[in-house]
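Subject: Structure handover and notes

Hello,

Here is the structure for your files. My notes follow below it.

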Amino acid sequence: MAELGAHLTAASAGDDRPSIFEAVAQDSLMAAVKPALQHLVKVLAEANPGRYGFLWRWFDEIYVVLDLLLQQHYLARCSASFSENFYSLKRIPIAGHRQQPLASAGLPKKQHWKSLLLLVLVPYLKGKLEKLVSSLREEDEYSIHPPSSSWKRFYTAFLAAYPFVNMTWEGWFLIQQLCYILGKAQHHSPMLRLAGVRLVRLTAEDIQALEKKLAGAPSSQTHSIKTQVQSALRKALGGFAFSLSTGLSIGVFFLQFLDWWYSSENQETIKSLTALPTPPPPVHLINGASSALLPKLKTVCPLCRKIRVNATALSTSGFVFCYRCVYSYVKTHQRCPITGYATELQHLVKLYSPEG
């Protein structure tokens, strides 16, 4: 039985297809990079919200631009994404010639742009959809809209249908992987099929061609100023993408350590190592016109300047507001109105008095 399982999950010696372990490992590589960068940006934003707060608020958009440059660089030079090249894989067209093209030759334009959009755009849209579902569930839990409103009926139906849509999406990937293991499909992922490509291992000729391309022998021909400017711009973008990819390649080796350090099993150890005394009340970090000032009366909301209704505290700063006031503010600005600390809706804590 074990021999049968090893036969199904490992590629044969004459087969250029990667094993299912290689295919799944390269898929999970980029999925592990984003949370690590997101945690780093969150630490910076909490340490200095005035300088780095915009990185946290626009993290998804900044990340998708960097990911676009990175994947474009690798698809153009290596016919593979960053993670595929990391595992010595390349993409070739499905309906290609009998002889495989070299990795340095790049993909045809149609497969290149399809691959780029599916590598960058699909994860971005999926992440945005998950955030939308999370925010709608919070609104549904706090009952922000009247029960009879058309908007509440719409997102209640949407929230009820989303688990089934997500299950269908994940099931599609699972079935494709099972077909790949059994040798019934050329792709382990539906995204590769939609892009019109399949994964194969790099050959010795591919590696030699990539090394020659990386060396980039200078041309002796004279070029016009326009051509030189375009070449310099391409080299600058390529250098930026190369430095970014090199940093990611080095950072990949630290991801396993980060996964262990922030795992649930290690949380008790982290708390014992990082236990500190309670800090003093936070100072005003933002002195602009949009920053709320503390009222003299402790029962007054700093936002609406009226007696607090349905008192709610922010766990990031400890200040108390009206629930509706602070909910709207945090949802719009993602920070504390008083201190400017990076804040999310999950940091709202309702306060209940004994009289209530």
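In which loop is the place of Ser-79? Ser-79 sits in the loop between H4 and helix H5 (82–86). Helices here are DSSP runs of H or I with at least four residues, strands are runs of E with at least two, and both are numbered from the N terminus.

Before the rest, the ground rules. This is a predicted model, in which local features need pLDDT of at least 70 and side-chain atom pairs count only at pLDDT 80 or more, while totals for chains, interfaces and linings use all residues. Residues are numbered from 1 along each chain as its sequence is written, and side-chain values use heavy atoms, with hydrogens and water left out.

Overall

The protein has 13 helices and 5 strands. Of its 356 residues, 33% count as buried (under 20% relative accessible area; exposed is over 50% and partly exposed is in between, with a 1.4 Å probe and protein chains only). Taking contacts between residues at least 6 apart in sequence, 60% join residues at least 24 apart; contact means heavy atoms within 4.5 Å.

The axes of H2 and helix H3 (residues 49–57) come within 7 Å and cross at roughly 150°. That makes H2 roughly antiparallel to H3. Axes are lines fitted to C-alpha atoms, for helices over the stretch in contact, and angles run from 0 to 180 degrees between N-to-C directions. Angles under 35 degrees count as roughly parallel, over 145 as roughly antiparallel, 65 to 115 as roughly perpendicular and the rest as oblique. On the H2 side, the residues in contact include Val-41, Leu-44 and Ala-45; on the H3 side, they include Tyr-52, Leu-55 and Trp-56.

For H3 and H4, the axes come within 5 Å and cross at roughly 70°. These two helices are therefore roughly perpendicular to each other. Leu-55, Trp-56 and Arg-57 of H3 make this contact with Phe-59, Glu-61 and Ile-62 of H4.

Ser-79 is buried, with a relative accessible area of 2%.

Nonpolar cores

A nonpolar core is a set of buried Ala, Val, Leu, Ile, Met, Phe, Trp, Tyr and Cys residues joined through side-chain atoms within 4.5 Å. The largest one has 16 residues, and those touching the most other members are Met-30, Trp-56, Tyr-63, Leu-70, Tyr-74, Phe-82 and Leu-210. At least two residues of this core come from each of helix H2 (20–47) and helix H4 (59–78). There is a second, separate core of 13 residues, with Cys-301, Phe-319, Tyr-327 and Leu-348 among them.

Strands

Strand E1 (residues 89–93) runs antiparallel to E2, and 5 bridges join the two (strands pair if DSSP finds at least two bridges between them). Opposite Lys-90 stands Val-200 in E2. In strand E2 (residues 197–201), 4 of the 5 residues are buried, so E2 is largely enclosed by the rest of the structure.

An open sheet is formed by 3 strands in the order E4-E3-E5, with antiparallel pairing. Strand E4 (320–322) and strand E5 (348–350) are at the edges with a single partner strand each, so one side of each has no neighbour in the sheet. From one strand to the next, the twist averages 40°. Strand E3 (residues 311–314) is joined to E5 by 3 bridges, and Leu-314 has Leu-348 as its bridge partner in E5. H13 packs on this sheet and touches E3, E4 and E5, its direction making about 100° with that of E4.

Around H13 and the loops

The buried residues of helix H13 (residues 323–333) are Tyr-323, Val-326, Tyr-327, Tyr-329 and Val-330. Gln-334 follows H13 and has a positive phi, near 55°. Gly-340 lies in the loop between H13 and E5 and counts as buried at 3% relative accessibility.

Asn-310, in the loop between helix H12 (267–273) and E3, is another residue other than glycine with a positive phi, near 60°. Asn-310 is partly exposed, with a relative accessible area of 37%.

Regards
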